[in-house]
Amino acid sequence: MEAALVTTLTVDANGCVRGGGGVTLVWPRGYTVRGDAQSFQVLDGGNQVVAQSGVQLTIGGGGADNLRDTWTDRDCAGGQLWMVGHASH
């Protein structure tokens, strides 16, 4: 089942992108973060900007119980996990 998370993203010193309340976002493989904790962009596999700092997003996807080996950003796992399906402004 897909749900929506409405949030403004933050990034920590390790480059881990989080949603409001410290939710760990699990992005599809190939997504990257460019920038720093003050100003950043999230890019998809084709280097298109899909999210950026300071902009409220609606992120489709759903909660997850644990992090699998094939998901991106395993080092960022912590707290509640949210599997990102898509993001829109």
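The model is predicted, so local features rest on residues with pLDDT of at least 70, side-chain atom pairs count only at pLDDT 80 or more, and totals for chains, interfaces and linings use all residues. Residues are numbered from 1 along each chain as its sequence is written, and side-chain values use heavy atoms, with hydrogens and water left out.

The overall layout comes first. The protein holds nine strands and zero helices, where strands (E, at least two residues) and helices (H or I, at least four residues) are DSSP runs numbered from the N terminus. Along the sequence this gives the pattern β-β-β-β-β-β-β-β-β. Of the 89 residues, 35% are buried; buried means under 20% relative accessible area, exposed means over 50%, and partly exposed lies in between, using a 1.4 Å probe and protein chains only. The protein exposes about 5,200 Å², of which carbon and sulfur atoms supply 44%; these areas come from the Shrake-Rupley method with a 1.4 Å probe, and for residues only the protein chains shown count as cover.

Strand pairing can be followed next, with two strands taken as paired if DSSP finds at least two bridges between them.

Arg-34 faces Gln-41 of β6, and Gln-41 in turn stands opposite Gln-52 in β7. The antiparallel pair β6 and β7 has three bridges, and Val-42 has Ala-51 of β7 as its bridge partner. The hairpin of β6 and β7 has five residues between the strands, and Asn-47 there adopts a positive phi near 65°.

Two further pairings involve β9. Strands β8 and β9 run antiparallel and are joined by seven bridges, with Gly-61 partnered by Val-84 of β9. By contrast, β4 and β9 pair in the parallel sense over three bridges, and Leu-25 has Trp-82 of β9 as its bridge partner.

The interior comes into view through the nonpolar core, defined as a set of buried Ala, Val, Leu, Ile, Met, Phe, Trp, Tyr and Cys residues joined through side-chain atoms within 4.5 Å. The largest such core has 15 residues, and Leu-9, Val-17, Leu-25, Trp-27, Val-42, Ile-59 and Trp-82 have the most contacts inside it. At least two core residues come from each of β6 (40–43), β7 (49–52), β8 (56–64) and β9 (81–88). Thr-7 lies in strand β1 (residues 3–8) and is buried, with a relative accessible area of 5%. Its side chain reaches the backbone nitrogen of Gly-20 at 2.6 Å. Setting aside residues up to four places away in sequence, Thr-7 touches Gly-19, Gly-20, Val-55, Gln-56, Leu-57 and Ile-59. Thr-24 belongs to strand β4 (residues 24–26) and counts as buried because its relative accessibility is 2%. The side chains of Thr-24 and Arg-18 make a polar contact at 2.8 Å, that is, a pair of N or O atoms within 3.5 Å; within protein, one must be able to donate a hydrogen and the other to accept it, and residues adjacent in sequence count only if both atoms are side-chain atoms. Thr-24 and Met-83 are 59 residues apart in sequence and 8.7 Å apart in space, C-alpha to C-alpha.

Gly-54, in the loop between β7 and β8, counts as exposed because its relative accessibility is 66%.

Methods. Contact = heavy atoms within 4.5 Å.
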